[in-house]
There are 2 protein chains.
Amino acid sequence: MHRRRRHAAVVISGTELARKLHREIQRDVEELVSQGNVRPHLGVVSVGDDPASRTYVRNKTRAASILGISSDTVVLPSSVSQEKLLELIDKMNRDWKVSGLLVQLPLPEHINERAVCNAIAPEKDVDGFHIVNIGKLCLDQRSMIPATPAAVWEIIKRAGIETAGKNVLVAGRSKNVGMPIAMLLHSDRNHERPGGDATVTIAHRRTPRERLKELTNLADIIVAAAGVPGLITADMVKEGAAVIDVGINRIQDPKTGKVRLIGDVDFEGVKEKAGFITPVPGGVGPMTVAMLMKNTVTAARNALIPKPRFPMV
Amino acid sequence: MHRRRRHAAVVISGTELARKLHREIQRDVEELVSQGNVRPHLGVVSVGDDPASRTYVRNKTRAASILGISSDTVVLPSSVSQEKLLELIDKMNRDWKVSGLLVQLPLPEHINERAVCNAIAPEKDVDGFHIVNIGKLCLDQRSMIPATPAAVWEIIKRAGIETAGKNVLVAGRSKNVGMPIAMLLHSDRNHERPGGDATVTIAHRRTPRERLKELTNLADIIVAAAGVPGLITADMVKEGAAVIDVGINRIQDPKTGKVRLIGDVDFEGVKEKAGFITPVPGGVGPMTVAMLMKNTVTAARNALIPKPRFPMV
């Protein structure tokens with residue numbers, strides 16, 4: 001078998017796409033406000049003092065402020081009881097000034113994360129983790145879509161990558177990333193929440209390496225969301241495929257001791273073979289924060305719609 | 001390429017497996033009753049006079065009666081308003097004598113099926129179509145699993161077919177069959193509701209024929225749930241694979257004019273190559289009714305558990 005010489009992949013800049021999306025969100029926010037509505041507001045609850053969580057929260061509230069979305073962060077000690085946390089959520093659910101509401105995960109051991117996710121009012125649930133939002137996502141109903149899968153979907157659409165009738169391989173089956181991505185990409189484009197009409201394979205840690213390679217080699221789009229550095233290598237990728245890297249792995253350089261971020265894809269090798277590739281950092285990451293902001297604007301719009309008679313529909 | 005002579009596939013009798021399951025359910029029912037609990041009761045609501053729906057309802061209530069599950073069927077005219085139907089469901093939700101409750105689908109055009117599914121109390125929802133049960137299924141939480149996907153899962157387990165690390169191809173992405181089967185088979189066996197740990201591909205009408213064949217040929221298990229007669233032919237099946245046929249297609253014989261049921265699999269051809277195959281009729285069908293009965297017993301057991309503080313969890 002021989003191979004034609006070809007150009008390296010188009011590197012999709014998530015930073016660039018996010019910048020564009022930011023302008024759209026800013027415009028939407030100002031439109032809402034100029035129509036006499038309250039300014040979209042993001043309420044954030046942060047429990048404990050995990051430095052990574054603090055950084056995430058800061059990135060989110062900073063992005064909000066740049067886009068004209070107001071926000072406030074309630075910091076609770078890691079010793080807070082589940083009851084107290086649920087009481088706070090209930091208060092914020094009923095507060096009309098709070099458009100969107102998120103509780104930064106992970107939570108301390110003694111708190112049931114599922115109970116917390118399900119306590120947030122579904123229409124304010126900008127993380128999309130409430131059981132009803134998960135159910136709606138899986139039934140192709142309009143819902144709050146978790147930010148990371150929404151970011152992957154938005155990147156694919158904005159880069160003009162065709163999904164209908166194509167083979168997609170999703171490596172990773174996490175409930176907030178891999179699973180929803182598979183849902184979005186395989187489902188019907190004519191449903192209430194349009195899907196990608198792709199043939200989707202969900203692979204994961206129990207997929208034997210050899211079989212993974214067989215399947216990735218048939219894929220037109222590979223979404224790497226396994227949290228395994230260097231999982232996807234050039235020999236696994238079909239010439240011209242689109243490779244979306246959702247991995248964020250913190251690696252310490254053995255020489256310098258510095259920590260740097262790498263994805264699940266061997267970027268240097270794969271970019272010589274793929275048609276499209278997203279870098280880490282600067283790929284899915286910036287788009288994820290942008291999609292969270294978009295969800296906050298959606299939540300602000302939800303507040304303008306009168307409550308339906310059967311709110312579960 | 002030449003092929004070793006081999007025996008034809010093991011034909012898995014769903015009728016036989018269902019008989020065994022019936023005995024287990026009967027024993028569970030009698031145990032519940034002998035412990036002083038009310039007899040499990042299935043409440044059925046049937047709207048209109050579609051003959052197929054009537055047959056389905058009759059099969060379900062007959063199966064219930066054989067297994068010692070009491071039942072009643074409320075028949076409403078097809079002109080019934082959605083409001084009246086929802087009022088009836090609300091009444092049955094609050095009736096402690098009704099353990100499990102199902103509304104036979106499809107419903108007349110003027111009624112929103114999703115609103116009806118979501119009106120049934122999740123713990124009585126033996127069809128597993130409530131949005132919260134769908135969400136829980138997709139998060140690998142314990143839930144009411146719709147009867148057809150549950151039947152496929154039970155057949156695979158009872159036939160001793162290994163799923164972990166295997167390739168599964170599901171043809172069909174319907175929300176009550178294909179999608180939940182993909183969810184059950186790909187997910188983690190160590191989660192609250194154990195999954196199959198398989199690598200799962202979801203194919204559908206938008207999957208080009210040639211690509212479908214490529215993917216089915218890599219599959220250790222094929223689940224055909226597309227509603228397309230003869231979709232899966234011998235050339236698409238890997239030697240020794242397990243082929244589960246969920247299709248129920250009514251075909252009129254051009255000569256005799258008689259209607260007969262056929263599946264999505266070319267049974268005669270495929271059985272010479274597969275390792276396991278389910279027939280139609282007598283495969284998934286009988287197991288589906290049995291799983292609905294099992295769900296009814298689960299619903300009766302749910303009624304014994306005091307309401308949790310946060311019922312959505």
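Predicted model: local features only at pLDDT ≥ 70, side-chain atom pairs only at ≥ 80, totals over all residues.
Which ring does the charged end of A:Lys97 sit over? The ring is that of A:Trp96, and the charged end lies 5.5 Å from the ring's centre. As for aromatic pairs, a search of the whole structure, over all chains, finds zero.

Next, the two chains. Chain A superposes on chain B by a rotation of 180 degrees, with 0.0 Å of shift along the axis and an RMSD of 0.0 Å. That is the relation of a two-fold axis.

Now the contact between them. Chain A puts in 50 residues, and chain B puts in 50 residues. In chain A, the residues that lose the most area to chain B are A:Leu139, A:Lys175 and A:Arg211, and together they make up 14% of what that side buries. Of the interface residues of chain A, 100% are also interface residues in chain B, so the copies meet through the same surface. The size of an interface is often given as the accessible area lost when the parts come together. Here the area buried between chain A and chain B is about 4200 Å², and carbon and sulfur atoms give 60% of that.

Strands of a sheet pair through backbone hydrogen bonds, either parallel or antiparallel. For one pair in chain B, strand 5 (residues 167–171) and strand 6 (residues 199–203), the sense is parallel, over five bridges. B:Val170 has B:Ile202, in strand 6 of chain B, as its bridge partner.

Last, the annotations, which come from an unreviewed UniProt entry. Residues 12–127 of chain A carry "domain: Tetrahydrofolate dehydrogenase/cyclohydrolase catalytic" in that record. This span is 49% helix and 16% strand, with its end C-alpha atoms 25 Å apart. For residues 146–302 of chain A, UniProt lists "domain: Tetrahydrofolate dehydrogenase/cyclohydrolase NAD(P)-binding", also from an unreviewed entry. Residues 146–302 of chain A are 33% helix and 18% strand, and the end C-alpha atoms there lie 16 Å apart.

Notes: Residues numbered from 1 in each chain as written. Chains lettered and ligands numbered in written order. Heavy atoms only, no water. Phe/Tyr/Trp six-rings, centres within 6.5 Å; stacked < 30°, edge-to-face > 60°. Lys NZ or Arg CZ within 6 Å of the ring centre and 35° of its normal. Least-squares fit on C-alpha atoms with pLDDT ≥ 70 in both. Contact = heavy atoms within 4.5 Å. UniProt positions renumbered as here; feature names shortened; annotations may be inferred. Helix = DSSP H or I, 4+ residues; strand = E, 2+ residues; numbered from the N terminus. Pairing = 2+ DSSP bridges. Buried area = accessible area lost by both parts, 1.4 Å probe.
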